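Good morning, and thank you for making time for this.

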Amino acid sequence: MRDFARHSGAKYDLVIPVPLANERLAQRGFNQSGELARAIAGTMNSRFSDDLCWRKYNTPSQASLGRAERLRNVRHAFGVKRRCDGLCIAIVDDVATSGATLSSLARALKKQGAKQVDAWTLARAFSPKT
């Protein structure tokens, strides 16, 4: 991801990870998406923030859900703490399957005024359900 970021030519005002719910963060001890986002931000000379957004509640795991269920599961799962007027933001996650989580977070950022939101993921998983 760092090599791709270095050569992509993309410019972001802010790079953020997909936030984990407090319960999941306590279980894991770290946010793997946060580690990826921090590295990408450093490579692109962009600001990193792991506190702009939060997960409002601990959603059930997306792994066993179909596409429609995934969309419902994360529909209002994210909050944004401040206005993002005119910002270009990269959101980073470790794995994308249906894109429901990334879309939900992007929608929340755009409601707060973000001009552009791009998603960066380490891996793309395919599921027959999505």
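A search of the whole structure finds two salt bridges, a salt bridge being a side-chain nitrogen of Lys or Arg within 4 Å of a carboxyl oxygen of Asp or Glu. Before I describe them, please note that this is a predicted model, in which local features need pLDDT of at least 70, side-chain atom pairs count only at pLDDT 80 or more, and totals for chains, interfaces and linings use all residues. Residues are numbered from 1 along each chain as its sequence is written, and side-chain values use heavy atoms, with hydrogens and water left out.

Helices (H or I, at least four residues) and strands (E, at least two) are DSSP runs, numbered from the N terminus. Asp3 is exposed at 52% relative accessibility, while Arg6 is partly exposed at 48%. For these terms, buried means under 20% relative accessible area, exposed over 50%, and partly exposed in between, with a 1.4 Å probe and protein chains only. The other salt bridge is between Asp85 and Arg83, at 2.6 Å from N to O. Here Asp85 is exposed at 51%, and Arg83 is partly exposed at 47%.

I turn to the aromatic residues. How many aromatic pairs does a search of the whole structure find? It finds two. Rings of Phe, Tyr and Trp (its six-membered ring) pair if their centres lie within 6.5 Å; planes under 30 degrees apart count as stacked, over 60 as edge-to-face and the rest as tilted. Phe4 and Trp120 form an edge-to-face pair, 5.5 Å centre to centre with 65 degrees between the planes. Phe4 belongs to helix H1 and Trp120 to strand S6, so this pair ties together parts that are 116 residues apart in sequence. Phe4 is exposed, at 57%, whereas Trp120 is buried, at 9%. Tyr12 and Trp120 are also edge-to-face, at 6.3 Å centre to centre and 80 degrees between the planes. Since Tyr12 lies in the loop between H1 and S1, its pair with Trp120 in strand S6 ties together parts that are 108 residues apart in sequence. Tyr12 is buried, at 9%. Phe4, Tyr12 and Trp120 form one aromatic cluster.

Ser46 lies in the loop between H3 and S2 and is buried, at 14%.

That brings me to helix H3 itself. Its 13 residues, 32–44, should span 18 Å at 1.5 Å a residue, and its end C-alpha atoms are 19 Å apart, which agrees; the expected span is 1.5 Å times one less than the number of residues. Among the buried residues of H3 are Ala37, Ile40 and Met44. The elements covering the buried residues include helix H1, strand S5 and strand S6, where contact means heavy atoms within 4.5 Å.

Finally, the two ends. Asn31 caps the N-terminal end of H3, with a side-chain oxygen 2.9 Å from the backbone nitrogen of Ser33. Just after H3, Asn45 takes a positive phi of about 55 degrees.

Key: A polar contact is a pair of N or O atoms within 3.5 Å; within protein, one must be able to donate a hydrogen and the other to accept it, and residues adjacent in sequence count only if both atoms are side-chain atoms.
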